[in-house]
Amino acid sequence: MTFTKKIALSVNGVQKQAEVEPRLLLAHFLREDLNLTGTHIGCDTSQCGACTVMLNGEVVKSCTVLAVQADGAHVTTVEGLGDMEQLHPIQQGFWEKHGLQCGFCTPGVMISMVGLLKENPDPSEEEIRDALEGVICRCTGYQFIVSAVQHAAKLIAEANQSKETITSAGEGR
Amino acid sequence: MAKLIGTPQKRKEDPKLITGNGHFTDDIKLPGMLYGAFLRSPHAHARILKIDASKALELPGVAAVYTGNDLVGKVKAVPAMWFLPGADLKPKDRSTLAVDKTRYAGECVALVVAENRYIARDALDLIEVDYEDLQAVVHQEAALLPEAPLVHDDVENNLALLWKAGEIPDEEFQNAEVVVRQRLYNQRVIPNPIETRGAVAQYNPGSGELTIWCTSQNPHIHRMVYADVLDISESKLQIVAPDVGGGFGSKIATYNEEAVIGHAARDLKRPVKWIEERKEHFMATTHARDEVIEVELAGKRDGTFTALRVKNTANLGAYLSTFGAGCPTIDFGLMVTGAYTIPKAEVVTYGVYTNTTPTDAYRGAGKPEAAFQIERIVDLFAQEIGMDPVELRQKNLIPKEAFPYSTAMGVSYDSGNYQDTLDRALDIAGYPALRKEQEKMREQGKLLGIGISTYVELCGFGPSKVAGAIGFQGGVWENSTVRVHPSGKVAVFTGTSPHGQGTATTFAQVVAEKLGISIDDIELISGDTRSVSMGWGTYGSRNTAVGGAAVSIATDRVIEKAKKIAAHELETSVEELEFSEGIFAVKGAPERKRSFREIAKSANFAWNLPDGVEPSLEGQSFFDPPNFVYPFGAHICVVEVDPQTGEIELKRYVAVDDIGRVINPMLAEGQVHGGIVQGIGQALWEGAVYSENGQLLSGTFMDYTMPKARFFPTIESHFIETPSPVNPLGAKGVGETGTTGAPPAVVNAVMDALRPFGIKDLDMPLTPEKVWRAMQNRRENA
């Protein structure tokens, strides 16, 4: 009889419970138990970053996290960023600036860059390239990924700007 | 309708991919699905004495274990598919699952099928195999030596093939004022798409139908081959390439694993999935390049080239892969003279078996190697006669008035304007100023290097008659059906099988512009052998030049038929009708008109069709181009080498490419970036390294350096357009320009930087250690 453990976690804001083998990787748990197949697995050694998700707001590679380690945590995957009705600025940026080709690494790259923009809302090209260290894209040559992230930063700044405008207009009333 | 061809358009492919709704092979989950895992040989060369799977079979959750003997008479080995006429070729197909011997580390020995991937992995550890280790041979030159162990007992000297082409230029070499010789090693590289290979197979015992979803660049080729090896009609075998996460040539080849998974599903009557791990990808998916190229260029002191002689000793690995024989011969050999007027040339290729993973196509397949050797030898020639490498190139480039140009290797370059791409690149880079800066930096002990490559490559495969003549086991025409629904929306079927190129968008641009409808009303259907009757897939930058051409012609046929219907409804003749912006209108009476959408409905409802016109509105084309296409360009790379550490900093990269007519400049530029980064990857970092006994030392991303974002400056990409005359779009192909142009540009730049040390050549990859050692060696011997 295989030993299993009960876990409870929030994935993209939805509460999930499951009984899993302790050795089950978070990446496999997300993909196979929860059918969230946007998170991909490309290398098994935590180099390519295709499996990148957010765990309690931190960027992690879900192929080196056990599902049991995510017990009680908040996980955000690409499916939690935005959908076609309302794309996340990073998704908008990748679409507008041709930041993807085959698209296999893209979910992980986007999550990783959401992490960057949280810490550094206005990164330089060099800072973006440095922050891409944890991911491998074999198709794009990274240049349009850099453009995509810059575009996303601009969209976020504009959104914050208009939020402030609305807030201050509200305050004026 | 605004002009679409030639404009940047956001990709239709992207919404699903950016929202996590892509559908890749590993995303497929079927009821009752089992999971397969392959046991692979840890030895490069060994006799299999015994395989005992009994413990594995006892493990709860294991459904089956297959060994080579279990498959005899049930699954044939996948065959090689390129038999060169006139060559002395000794094909050895990869064994399905090794029976008595293993010939490279990573060769499949057994397949476990279990309830999930964890159990399958557990079971692999329980299979006991007795091996008798044999001496291995890894390097192709060592394998040719008389004392070398034999990879296949009946292949003498491990010589798998000997191929010769061109004319022997002995006289030209005897009379030459200058002869420059160089031995170059184009190292072994690994394609490494981020999605590894994989297959999911499902069998219906009632109908006898087998479906295999797999990571394929050419599902119809895979159907043709797997139908044969599994002995099933093509009508009963469906191959589907869902979203495919890159291929770069590695997903062209047919492999045993996919076929064996198909067999297991049929045998167990349950769906079976196998997804390659990255470690397996490194060991078992085809590698590429690995060619020792000895090149000699003859000419005059004034810089005129007179003849070229090339010997290529290519490592084919342990077995002949699908298109393995064609890469170092046809793909390489026909392009050795590059962009220059060299009146006579000869190529000899030795293809050698070794105890390594089989080699096959990787982005460019043979053409990057050809460009590399000619561009390196041209630089060395310039150095020998004391001429600027730009001036030497300008002197020998094929002039634009010479096109179509027949080369010494017997191919006809379709169209070109090589001088313009070079001039433009020099202009953008500010070449004279760069040379001055270099001089100034040298005075300060700094090592700036400027490298140039003016490449041309062969793309758009490519007349089927030629394919037959060169022994390619298949055709290379392309198929498209443009189907107009009653709503006026359009389905475009293509036999190409895109995997990241953005084809759904570029083809929609072509169709939408021609039909005068929105690209949102067009869907591309590809990658499924049930939907598309036949096709030859995506590789060799043939997607747009051949597949796109078929789409264009099929669309014209739709318009032709629609015009007949519109003319009938408007009570006029086809000749009196104009079609523009999606409206059929009578010449001189624009108020008498029908929209494309109205005609779509009329054609499908068929209430009032002219005599002799059948219902429905479809156009079909099976386009077989009259020639290949030959994209070309000039790349300039500027580097700085650290004299203390040997580290290379890429300072600038300028690419001016001529890919014929550009359909979507944004997508084309993306292809250029990706190609250049892969080309630079080969020049500076990437390389498969084997130990002497055939263990792959660079077997994960931790020890095989993949290009990362911070390694690169902004790539300055520009296009010049010289349309190709061989297809209606004038397109030439862009996917491989970067991997072809970049390695010589980068290596020429580094060698230019190292000139103060008197270093003429170093093998790729130019790692800091290698560069530092070379400099240190000179310092010590100075």
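Chain A and chain B of this predicted model bury about 4600 Å² between them, and carbon and sulfur atoms give 55% of that area. Buried area here is the accessible area, found with a 1.4 Å probe, that two parts lose on being put together, summed over both. The size of an interface is often given in this way, as the accessible area lost when the parts come together. On the side of chain A, Trp95(A), Arg138(A) and Gln143(A) lose the most area to chain B, and together they make up 18% of what that side buries. In terms of residues, 52 from chain A and 56 from chain B take part in the contact, where contact means heavy atoms within 4.5 Å.

Residues are numbered from 1 along each chain as its sequence is written, while chains are lettered from A and ligands numbered from 1 in the order in which they are written. Because the model is predicted, local features need pLDDT of at least 70 and side-chain atom pairs count only at pLDDT 80 or more, whereas totals for chains, interfaces and linings use all residues, and side-chain values use heavy atoms, with hydrogens and water left out.

Charged pairs come next. Between chain A and chain B there are 8 salt bridges, each a side-chain nitrogen of Lys or Arg within 4 Å of a carboxyl oxygen of Asp or Glu. One of them joins Arg23(A) to Asp122(B), with the closest N and O atoms 2.8 Å apart.

Which elements of chain A give two or more residues to the side that touches chain B? They are helix 1 (26-33), helix 2 (89-96), helix 3 (106-119), helix 4 (125-131) and helix 5 (143-172). Helix 2 of chain A gives the most, with 5 residues. Helices (H or I, at least four residues) and strands (E, at least two) are DSSP runs, numbered from the N terminus. By residue type, this side of chain A divides into 22 nonpolar, 18 polar and 12 charged residues.

Chain A itself can now be looked at from within. An automatic or database domain assignment divides chain A into domain 1 (5-80) and domain 2 (89-171). The C-alpha centres of these two domains lie 22 Å apart, and their contact takes 17 residues from domain 1 and 16 residues from domain 2. The two domains of chain A bury about 1100 Å² between them, 66% of it on carbon and sulfur atoms. His40(A), Met54(A) and Val78(A) supply 38% of the area that domain 1 buries against domain 2, more than any other three residues. How many salt bridges link the two domains of chain A? The count is 0, but 4 residue pairs are in polar contact, both at pLDDT 80 or more. Strand 3 (52-55) and strand 4 (58-61) of chain A each supply at least two residues to the side of domain 1 that touches domain 2, and strand 3 gives the most, with 3 residues.

Overall, chain A has 5 helices and 5 strands, following the pattern β-β-α-β-β-β-α-α-α-α along the sequence.

Terms used. Ala, Val, Leu, Ile, Met, Phe, Trp, Tyr, Cys and Pro count as nonpolar, Asp, Glu, Lys and Arg as charged, and the others, Gly among them, as polar. A polar contact is a pair of N or O atoms within 3.5 Å; within protein, one must be able to donate a hydrogen and the other to accept it, and residues adjacent in sequence count only if both atoms are side-chain atoms.
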